[in-house]
Amino acid sequence: MDFSNVSEVLLSGLLISLLFISAYLANRISAPDIIIFLLIGIGLAFFVSHSEILEFAAEVGIVLMFFMLGMEFPVNQLKKLALNIYKAGLLDLFLSFGVTVVLLLIMKQPIEIALLLGGVVYATSSSITVKLLEKNNRMTTKDSNFVLGLLVFEDIVSPLLVTIIASLFMSQALTATTLSLVLVKIIVLLAGAILIGQFIFRKLGTFVDKYVNEDFFILFMVGISLTYAGIAIQLGLSEVFGAFLAGIMLAEIRKTAMLQQTVRNLRDLLMPIFFINFGLSIELTSGISMVNVLIVLVIWSVLSKLIVGYVGGKQFGLNNVPALRAGLSFTQRGEFSMIIAGFASTQIKTLSGVFILISAIIGVTLFQFAPKIAKRVFKKEKKATLPGKI
């Protein structure tokens with residue numbers, strides 16, 4: 001269908017209205033809107049071609065998402081979090097990323113593809129998981145605190161993973177020299193963010209208090225996020241890593257909620273466009289290739305999170321039931337996986353898109369039944385611990 005003669009303003013208005021209606025319906029049926037947005041994008045791909053406006057809006061949306069994420073983590077808080085959750089976090093990284101890469105290499109996939117798909121499989125969708133926890137009134141349970149801690153660990157590791165994978169695909173070569181250069185650039189950008197945060201932004205508390213409610217203050221926030229994200233791109237790194245570090249810099253002001261509120265509405269407007277844009281890049285007309293790889297990824301993606309949830313939960317101090325409930329509650333993949341898949345070729349991007357969609361549906365289903373499944377699995381154990389029982 002040819003939309004070349006239709007005003008882009010009209011198309012944009014219709015698209016945003018469609019997003020509103022779909023998000024409203026998703027909310028009514030308690031379904032994650034990410035899945036709905038992705039399906040809309042896949043459907044629109046049959047009628048609408050690539051749009052530079054959508055591409056730019058999607059990129060700004062992702063930058064703002066990581067920018068706000070970074071504002072959650074002053075440097076000292078990052079240290080404390082690492083000490084509390086690092087064992088389960090490293091187990092998660094080893095199983096969900098490392099073992100996935102090994103499995104793909106055994107299946108004769110090139111190292112670059114194995115690393116990219118390992119990144120796609122690694123990170124749980126924070127947005128889907130948090131929304132599910134809120135809607136099911138599970139935010140205050142101990143196993144949910146464990147899950148949230150793991151999500152934060154993944155949120156910290158994922159920008160690094162995105163940066164490394166993006167850099168390798170940009171250079172089209174995987175060598176010790178290339179990897180070392182990427183790590184040096186990451187360290188330089190990270191050190192710069194810490195120094196700027198400690199010596200400049202930490203002193204801006206009075207400035208923020210005075211101007212945060214002014215209309216022009218959003219320009220200050222968005223300008224910083226896009227600038228540091230742009231510096232990352234100039235260094236051959238990922239913009240999401242630069243945006244995350246920009247957020248860490250502003251976190252030193254210690255007024256996170258106030259600062260996040262400034263850009264939250266703009267992020268909420270642009271993030272759905274990111275999911276739509278990713279869906280548009282998935283081409284299903286030629287079918288899905290490497291079905292055997294897809295099946296392995298789906299099965300292992302669920303098993304790896306179950307192991308992490310149960311074993312890591314036990315190390316965290318959870319009993320059997322809440323540990324298994326935690327493992328069943330964060331198998332869904334989403335936004336991070338889409339970002340990493342965006343670097344792939346059309347064939348791998350389509351494979352990744354189908355995997356993300358299946359994973360999200362399975363994850364939401366497992367989350368809903370996690371309490372019942374966990375209780376049923378350990379029902380005998382509970383009976384054995386009752387008074388008078390052996």
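Reader: Before we start, what is a salt bridge?
Author: A salt bridge is a side-chain nitrogen of Lys or Arg within 4 Å of a carboxyl oxygen of Asp or Glu. Please note that the model discussed here is predicted.

Reader: OK, how many salt bridges are there in the whole structure?
Author: The search of the whole structure finds 7 salt bridges. One of them pairs Lys-305 with Glu-154, whose closest N and O atoms are 2.7 Å apart.

Reader: Where do Lys-305 and Glu-154 sit in the chain?
Author: Lys-305 belongs to helix H13 (residues 291-316) and Glu-154 to helix H7 (residues 142-171). They are 151 residues apart, and the pair links distant parts of the chain.

Reader: Is Lys-305 buried or exposed? And why?
Author: Lys-305 counts as buried because its relative accessibility is 0%. Glu-154 is also buried, with a relative accessible area of 0%.

Reader: Switching topic: which residue forms a salt bridge with Glu-252 at 2.7 Å?
Author: That partner is Arg-202, with 2.7 Å between the closest N and O atoms. Glu-252 lies in the loop between helix H11 (239-251) and helix H12 (256-280), and Arg-202 in the loop between helix H8 (176-199) and helix H9 (205-211), so the pair ties together parts that are 50 residues apart in sequence.

Reader: What about burial for Glu-252 and Arg-202?
Author: Glu-252 is buried, at 2% relative accessible area, whereas Arg-202 is partly exposed, at 39% relative accessibility.

Reader: And how does Arg-254 meet Glu-252?
Author: Their side chains meet in a salt bridge, 3.4 Å from N to O. Arg-254 has a relative accessible area of 45% and is therefore partly exposed.

Notes. Residues are numbered from 1 along each chain as its sequence is written. This is a predicted model: local features need pLDDT of at least 70, side-chain atom pairs count only at pLDDT 80 or more; totals for chains, interfaces and linings use all residues. Side-chain values use heavy atoms; hydrogens and water are left out. Helices (H or I, at least four residues) and strands (E, at least two) are DSSP runs, numbered from the N terminus. Buried means under 20% relative accessible area, exposed over 50%, partly exposed in between (1.4 Å probe, protein chains only).
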